[in-house]
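Colleague: Please take me through one part of this model at close range, and take your time over it. I would like to hear how the pieces around that part connect.

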Amino acid sequence: QVQLVESGGGLVQPGGSLRLSCAASGSIFSIYVMGWYRQAPGKQRKLVATVTSGSTSYADSLKGRFTISRDNAKNTVYLQMNSLKPEDTAVYYCNVIASRQRGSPGMNYWGKGTLVTVSS
């Protein structure tokens, strides 16, 4: 099993910043993709950003405010969130596509989520 532990969520005022972290642990052979999704109240879970070994990808509406990064040595992915808006309020979920053995396909793993509330 692969475990994902998110941290960094909390209450922040509009215009503020937060940095989310997600550390992957367990039996991991290779991590192919790390990313963040979010689910606002009453909304579907949607992609925020992903990072592979060679590229990053963002939801169009978040480009310029959010930055995803990855520390391969620590199996950790980060999400720097700046200029936060009330509409950014959501549970943010870490997602990893990883294989646990050589020759095995990658599988999706999810963290439990961390709540980000943007409000004055």
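Modeller: Cys22 is buried, with a relative accessible area of 0%; buried means under 20%, exposed over 50%, and partly exposed in between, using a 1.4 Å probe and protein chains only. Please keep in mind that this is a predicted model, in which local features need pLDDT of at least 70 and side-chain atom pairs count only at pLDDT 80 or more, while totals for chains, interfaces and linings use all residues. Residues are numbered from 1 along each chain as its sequence is written, and side-chain values use heavy atoms, with hydrogens and water left out.

What does Cys22 form with Cys94? The two form a disulfide, with their sulfur atoms 2.0 Å apart; the term stands for a pair of cysteine sulfur atoms within 2.5 Å. Searching the whole structure turns up 1 disulfide. This pair links distant parts of the chain, since Cys22 lies in strand β3 and Cys94 in strand β9, 72 residues apart. The angle about the S-S bond is -80°, and the link of Cys22 and Cys94 is left-handed. Cys94 is buried as well, its relative accessible area being 0%.

Strands here are DSSP runs (E, at least two residues), and helices are runs of H or I with at least four, numbered from the N terminus. Two strands pair if DSSP finds at least two bridges between them. Strand β3 covers residues 18-26 and pairs with strand β1, residues 2-7, in the antiparallel sense over 6 bridges.

Asn75 sits in the loop between β7 (66-71) and β8. Its phi is near 50°, a positive value in a residue other than glycine. Asn75 counts as partly exposed, at 25% relative accessibility. Ser83 belongs to the loop between β8 and β9 (90-99). Although Ser83 is not a glycine, it has a positive phi of about 50°, and at 41% relative accessibility Ser83 counts as partly exposed.
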